[in-house]
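Hello,

Please have it open while you read; my notes follow below.

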Amino acid sequence: MDILQKLADEFSLKPEQVEKTVGLIDEGSTIPFIARYRKEVTGSLDDTVLRELFDRLTYLRNLEKRKEEVSRAITDLGLMTEEVAQSLEAAEILTEVEDIYRPFRPKRKTRASTAKEKGLLPLSEYLMAQEKDADPLAQAALYINEEKGVNSIEEALAGAMDIIAETISDNAEYRKDIRQMTTEQGILQVKQASEDDSVYSNYYDFQSEITKLQGHRVLAINRGEKEDCLKVTVEVKKELPLNYLFAKVITEFESPCRKYVVKAMLDSYDRLIAPAIEREIRSELTDTASEAAIKVFSENLKNLLMSAPLKGKTVLGLDPGYRTGCKLAVVDSTGKVLDTGVIYPTKPREDTVGAAKIVRSMVRKYKVDVIAIGNGTASGESELFIADLIPEFSGKVRYAVVSEAGASVYSASKLGADEFPDFDVTQRSAVSIARRLQDPLAELVKIDPKSIGVGQYQHDMKPARLDEALGGVVEDCVNRVGVDLNTASHSLLSYISGINATAAKNIVKYRDENGAFRSRAQLLKVPKIGAKAFEQAAGFLRVSGSDEILDNTGVHPESYAAARQLLALYGYTEDDVVHGRMSGLRAKAEKDTGELCTMLNIGEPTLADILTELEKPGRDVRDALPAPELRSGVLDIADLEPGMKLQGTVRNVTDFGAFVDIGVHQDGLVHLSRICDRYINHPSEVLAVGDRVQVMVLDVDLKKKRIALTMKDMKN
């Protein structure tokens with residue numbers, strides 16, 4: 001089947017819709033650009049669907065490429081048949097293609113290849129013919145040849161059976177059917193591999209049907225096996241595959257050759273087929289689990305990156321510590337560092353008096369609005385210290401606990417050193433903590449997404465695939481929000497559609513040498529920014545001081561003429577846009593949608609987007625989200641009691657539940673079964689990172705620092 005038609009069927013799209021979308025991809029258009037500015041072409045497919053379609057397109061093209069390579073290799077050997085060609089054409093996954101190629105692939109030295117070198121291939125064919133009047137012993141005697149290393153009838157028969165075993169194993173149809181049979185009927189069996197106790201004790205005597213095995217369990221079992229804590233096998237009732245092979249291989253029950261063929265068949269399954277299929281099934285389970293985990297990680301990352309910024313506030317970042325003290329950094333509302341310092345309110349010094357004096361001075365001198373506390377080592381003591389101090393400021397100062405996941409990675413990176421060459425790593429961490437409260441997206445793009453701490457088993461996944469998926473999430477988020485061309489770091493700019501790392505650095509360099517950009521069009525003067533890059537990037541870049549008001553909107557330059565014509569048609573001016581005097585435009589335009597689209601030569605999706613941008617130029621889509629949670633008091637885990645009801649913020653969503661920050665330095669777990677009264681397959685159906693929720697304490701384990709929460713039965 002044609003790839004485009006297959007995509008149309010799988011995604012329930014029109015063939016011409018897929019054809020045009022793939023055409024845009026092949027032209028070099030990015031996913032964010034296609035999703036935002038080519039809605040008429042794609043039928044308004046969003047970035048998530050577009051990425052899934054792109055991934056599937058890539059897989060199918062790689063599949064076709066591999067089919068061509070295998071077909072060419074078999075043809076070059078002079079062994080291509082119509083049956084093999086048809087099998088290749090029908091193959092739908094790469095594993096099936098490799099199964100077809102297996103008999104023809106150059107092999108390393110095997111028992112079968114050794115037997116063939118001894119001239120025993122005709123004997124194996126004689127046995128497989130399974131004639132009624134065959135005399136296998138007499139036939140085998142003809143192949144005794146001491147020079148070739150065949151010294152007896154038994155050795156001749158053993159070699160012939162090795163060839164038969166490999167021939168059976170190499171049969172693509174047999175492998176496909178047995179793989180399916182094992183997957184559908186098999187059990188994953190897990191046993192304890194060492195006497196030591198470990199975090200994998202739940203799996204010391206565990207089994208599950210392969211078809212029902214949950215992804216997070218697969219990844220946990222894999223890790224336990226890798227650490228030599230678990231022994232894992234795939235079990236299936238042996239009579240199922242053996243009965244299948246018997247029916248396929250044995251053609252004459254009364255043949256004297258049958259017992260040799262059966263023996264070879266049993267050896268083929270035990271030595272060659274079963275171990276290979278176990279590896280394939282384990283690999284497929286891992287790939288499926290990894291893709292599911294990557295999807296959860298991606299969704300968590302998206303929600304974290306799209307958290308509402310805390311705009312217009314001066315923030316004091318506090319990176320907690322013990323021996324080296326708590327590092328401080330005051331950052332103004334634009335992200336500029338005003339001051340740094342260090343205090344020692346925690347052990348071993350416990351200088352709370354001196355620490356309070358320094359914090360008071362900084363808060364008053366720089367008119368600090370919020371104190372951002374990292375949630376790492378010593379965060380509990382630091383939060384208590386700040387909570388005791390802020391009442392002195394009469395409610396004018398609040399604090400927030402901020403995840404510092406990845407802050408140390410950024411601080412020790414070349415990027416951190418380039419940005420703050422005179423700061424040590426802990427000072428950079430304090431700045432990062434403050435800035436990620438002010439604008440999570442702008443700060444977190446500086447950190448490897450794997451280090452942001454909202455995934456599960458991310459270090460067990462294929463790095464390239466994880467990087468690709470998470471990079472796509474960051475790219476989508478950055479482009480959905482848009483960036484200020486005159487303030488964005490090169491890290492942020494590098495995620496803009498059409499702009500690579502080199503071009504991003506060139507933009508910052510041009511800005512430093514020539515002053516602020518006065519328009520989007522000026523971007524074309526930057527080295528490495530050509531017409532194609534400008535087309536892809538321009539709509540996502542904002543120039544707030546431009547003489548062209550549309551430069552500070554999400555309207556693409558290609559639609560400026562249409563936007564101006566729209567304003568003129570209804571008697572509005574650009575000054576009206578600047579001062580927010582656009583009430584009534586949408587209602588008027590929507591009455592004339594069809595005529596307007598024809599007159600302006602644009603589609604309805606583009607018209608709707610232009611109207612949205614004209615109503616709120618410079619808008620930030622994150623402003624509609626709940627603001628960061630600011631606190632003025634603190635709880636301790638010892639204060640918690642079953643039945644206590646609290647407000648919390650979802651920090652991570654996993655396959656088995658959600659972790660909720662309730663302000664006690666240890667996130668509590670709401671298990672999947674305790675999220676809501678109705679049945680759900682996954683926590684993400686109900687919860688997302690950043691959600692504010694009401695929870696009730698079920699149980700507290702002070703020794704293990706575990707908190708069990710529920711969102712059910714919350715009625716008073």
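**Sheet and helices**

Val331 sits opposite Val337, a residue of strand β6. Please keep in mind that the model is predicted. The strand that pairs with β6 here is β5 (residues 326-331); the two run antiparallel and are joined by six bridges.

Both strands belong to an open sheet of five strands, ordered β6-β5-β4-β7-β8, in which the pairing is mixed. The edges are formed by β6 (337-343) and β8 (398-402); each has a single partner strand, so one side of each has no neighbour in the sheet. On average, neighbouring strands are turned by 20 degrees against each other, ignoring direction.

Helix α20 (residues 425-438) lies across β4, β5, β6, β7 and β8, and runs at about 50 degrees to β5.

There is also a helix pair to look at. Helix α7 (residues 94-101) packs with helix α12 (residues 172-185) at an angle of about 145 degrees, and their axes are 8 Å apart. On the α7 side, the contact is made by Thr95, Glu96, Asp99 and Ile100; α12 contributes Ala172, Arg175, Lys176 and Arg179. What kinds of residue make up the contact of α7 with α12? Five are charged, two nonpolar and one polar.

Regards

Methods: Residues are numbered from 1 along each chain as its sequence is written. This is a predicted model: local features need pLDDT of at least 70, side-chain atom pairs count only at pLDDT 80 or more; totals for chains, interfaces and linings use all residues. Side-chain values use heavy atoms; hydrogens and water are left out. Axes are lines fitted to C-alpha atoms, for helices over the stretch in contact, and angles run from 0 to 180 degrees between N-to-C directions. Helices (H or I, at least four residues) and strands (E, at least two) are DSSP runs, numbered from the N terminus. Contact means heavy atoms within 4.5 Å. Ala, Val, Leu, Ile, Met, Phe, Trp, Tyr, Cys and Pro count as nonpolar, Asp, Glu, Lys and Arg as charged, and the others, Gly among them, as polar. Two strands pair if DSSP finds at least two bridges between them.
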